[in-house]
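I opened this notebook to keep track of what I looked up, one topic at a time. The entries begin with the chain as a whole and then turn to single helices, residues and pairs.

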Amino acid sequence: MELADGSTDIVHPEVRAHINSLVSALGGISADSDGGYQLGDDALEVLRDLKRWIRFYDEKTNRMDVARCIHEANLVEGDLLPILSTWPENATDSKFKSRMALACFELMVPLTWPMARDRERMTVNHHRHMPVLELAQVGYKRAVVNYDGARVLHTAIRVALPSMAIPIGDRTQRDQGIIKLVLFFLRNIAMIEPPPDVKYEGDESQISRSATIDAFSYQDIFLVLLTLASNMGEDFRAEDTPVMEIIYHLVKQVDIEKLFMNEQQLSKAKAGELADMMSKESSMLKAYNRKGPTRHNRFGTMIWVKRDDGKMSSLSGQDALADASTRNQKMDNSKTFRPPRRARKGDKDEKDLGLPTKLNSRAYDQLRSFVEDFLDSGFNPLFQHVRKTIDREAPHVMQYHRRQFFYLVAWFLEAERMRRKARKQSSQNPSEDISSFNLVAGVLNQEMFITLNKALHESLEMKDWHELTAVMRCFTQILLTVQEMSESGNEDNEEIAENVLSRLFYEEATHDAIATIIRTYKDQSFNYLDAATELVHHFLRILEGYSKQNIDMQVRSRKRTRRKKKAAQDAAGIENDNDENDGSDNDAASAERTTKERKFDFHRFATRFTPQSVVDTFVAFTKYYRDLTDSQLKRAHRYFYRVAFKAEASVMLFRVDIIHLFYNMIKGPAALEKSSRVFKEWEELVKQVLRKCFKKLEQRPELLVEMLFSKGSSTAFFLEYGFERQTVTTASKAKPAAELVFKNTEELDRQIAIVVGAMLDKNQANHVAWIKKILGDAESERKAFMAAEEVMASVEPVQDEAEEQPTESGPKAPPIFCEFVLSFKSLFTNNA
């Protein structure tokens, strides 16, 4: 709206005037006293009016004008925080101060609520206000975390303490609302981060994860979270997802290995990272200096290159003078077709996870103490209750809660494994209660596996890649935890691990889902690719060891036979009226009939991970070899070794781009560092693969053409063994019509007699006579052939056994069905 001075105001002047008048009536700095905050006469009503403005103007009309005016009026830093500082910690009986503090947090929660960019509901006001309000929320977090006048987060807990102290059966809706309000405020403060596409001009150290963890530790928020988590399901129920969200935004993307390092190990790890980065930088500079700018490269250069076929090609640029490999690379780059690609759309779930977080040593110590206490007391109660809440689809469960649940389960399982490893390295002997696997037993039961498999199949079917990534991470950590249980040396733990592995590997549908995930990778994020390859690596490795120990391993496969049977009956026009064909009354029995067990064959299962699509997935993962860790490189190495030597499908690796990638990893300009722990293993693998490739080229010259293309199973089999796969196709036996099925007669002669009698009753004696004639001719021909064979055997001399038997010539005997012919003919004769 255009103002009198010619400027434009994006907020209606009347709205701004109302908000400014309310902020002025709230109070201000007193000039008479020591500079403290002086409340207005109706301060409590003013705060409630501001809350009504946000609720009935911004939320109802889908606008952000009131939030923008509150930000410009500096309400949070100038009024709300000073009001909270007027409530001293020892004043526990002041109801007015408590109400004022509650009213302040009722305003701060919607002001710090996360903003979602929903393109279907966004208006012009959203595009105007959201960039400003996102930075305003960062300012609110900086003010709350670093406020010197009072411990704001601790004050929020003091507001909710009276409601928490009431037994769960006696709490009112207002008490439940106050507890959730405070938890949402803590959640908002924990998750607020500078927007990735906007530069924050303030000091980022004041709003970093380290500062947040320090504030949560200093203001006793960690103790409150531990209390809520350890009593979840008893004294608290609906607060499970807010507590989980707070913990999620505190620990996400934190390096667990560094979390359980002491100060000396942490400094050594940081020094090692710095050395690796400097080494990579020096190698990049060397590669750049080979063809970098010189004092003479301002002169133009064009050269002619003679190719192998005698033709000439022109190249421009002085870098073509460097060496033959550079010239070949320039020619290859000029021939490469690069189709136009659209920019990837921003994914809010990917932004929610964020980049890996760097913490200072103080934050590492504080977070490690909280994680250890949470594992000892709150892990099982919280996550068991959250799992039940998700399973029953409670009204307060949002779509992203399931993803956060699986991510946190995976994170804390890995944290528990790292804690055990750290204690083992430091030669500590913890008590049996702490060192036992009972601390994480809440996610190692059958109910958890059912939820995990359900989420795995649903997220794969709905193509929710971020949730599927979290599920795969959780599955992987469960496998690794159970493997540690089996190797712990405790008989009870080993027995439990045996039982858990049998449940995890029992369902064939899980095997199919994992094979589908790695086979259908297309262009998802690197985090998804990393999680998929990690799951396949550990799943195959642990399943192989388990199948060797349990030779008679059984898996359960489900067949949807009832649906197919019903479809066949509908197609045949058979009415399904009787109870025998209808399976609705005995669903349990029907389900039991459609489920069968079979012996598991690991070699057969491992061949499902050798097709070209799976190889392409691991090749796409290996292309990031310059940025991969040693464990990730080892994972890719083990897969290619399994394909080339264990599965004997090395032909799948004989493709030009794969060979070129392997060569560049060892001998290329951007090769792996020779100081890497996995360089020798990769060098030996590439050497053996190339050796097999050259040997196979000598045996199968046609492989030279096939190296340009991906290979199907039949092509790979032919290139590997030199002949096509021999398959026997058995035609499915057609079922007779319903009127021709014998239900009460099993003897063949009785069935034939019934058929002949029915044909005679229908005056079809001519058909009976024709069949008698054909069978009689067959019988006489067979008898004549057998008589001739007897005469020839009596005339020919007996040959020496040492002599080579000549090949039999002459007509072959017709099929032997004399007994059937005789019985069939006799039945026809008797009935005729």
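Predicted model: local features only at pLDDT ≥ 70, side-chain atom pairs only at ≥ 80, totals over all residues.

**Entry 1, surface and overall make-up.** I looked up the accessible surface of the chain, which comes to about 49,000 Å², with 51% of that area belonging to carbon and sulfur atoms; such areas come from the Shrake-Rupley method with a 1.4 Å probe, and for residues only the protein chains shown count as cover. Residues are numbered from 1 along each chain as its sequence is written, and side-chain values use heavy atoms, with hydrogens and water left out.

The secondary structure comes to 36 helices and 6 strands, where helices (H or I, at least four residues) and strands (E, at least two) are DSSP runs numbered from the N terminus. Of the 832 residues in the chain, 40% are buried; buried means under 20% relative accessible area, exposed over 50%, and partly exposed in between, with a 1.4 Å probe and protein chains only. I also looked at contacts (heavy atoms within 4.5 Å), and among those between residues at least 6 apart in sequence, 73% join residues at least 24 apart.

Which residues of α31 are buried? I found Phe679, Trp682, Leu685, Val686, Val689, Cys693 and Lys696. They cover an arc of only 125° around the axis, which puts them on the same side of α31; the arc is that of the directions from the helix axis to the C-beta atoms. An α-helix has 3.6 residues a turn, so residues three or four places apart point the same way. On the other side of α31, Lys680, Arg691, Lys695 and Glu698 are exposed. The buried residues of α31 pack against α28 (612-622), α29 (630-646), α30 (656-667), α32 and α33 (713-721).

Ile659 is placed in helix α30 and counts as buried, at 16% relative accessibility. Leaving aside residues up to four places away in sequence, Ile659 touches Leu653, Val689, Leu690 and Met707. Ile659 and Met707 are 48 residues apart in sequence, and their C-alpha atoms are 9.4 Å apart in space.

I then looked up a nonpolar surface patch of about 510 Å², made by Val656, Leu704, Val705, Leu708 and Phe709. Patches are made of residues with over 30% relative accessible area and no salt bridge, like charges being joined within 9 Å and nonpolar side chains (Val, Leu, Ile, Met, Phe, Trp, Tyr) within 5 Å. Val705 has its place in helix α32, residues 703-706.

Gln253 has a positive phi of about 60° although it is not a glycine, and its place is in the loop between α11 (240-251) and α12 (256-259). Asn763 likewise has a positive phi of about 60° without being a glycine, in the loop between α34 (748-761) and α35 (765-795). Gln253 counts as partly exposed, at 21% relative accessibility, whereas Asn763 is exposed, with a relative accessible area of 71%.

How many salt bridges does a search of the whole structure find? The search gives 37, a salt bridge being a side-chain nitrogen of Lys or Arg within 4 Å of a carboxyl oxygen of Asp or Glu.

Arg402 forms a salt bridge with Glu458, the closest N and O atoms being 3.0 Å apart. This pair links distant parts of the chain, with Arg402 in helix α18 (residues 399-425) and Glu458 in helix α20 (residues 446-462), 56 residues apart. Arg402 is buried, with a relative accessible area of 17%, while Glu458 counts as partly exposed at 31% relative accessibility.

Glu544 forms a salt bridge with Lys646, the closest N and O atoms being 3.8 Å apart. Glu544 lies in helix α24 (residues 526-549) and Lys646 in helix α29, so the pair ties together parts that are 102 residues apart in sequence.
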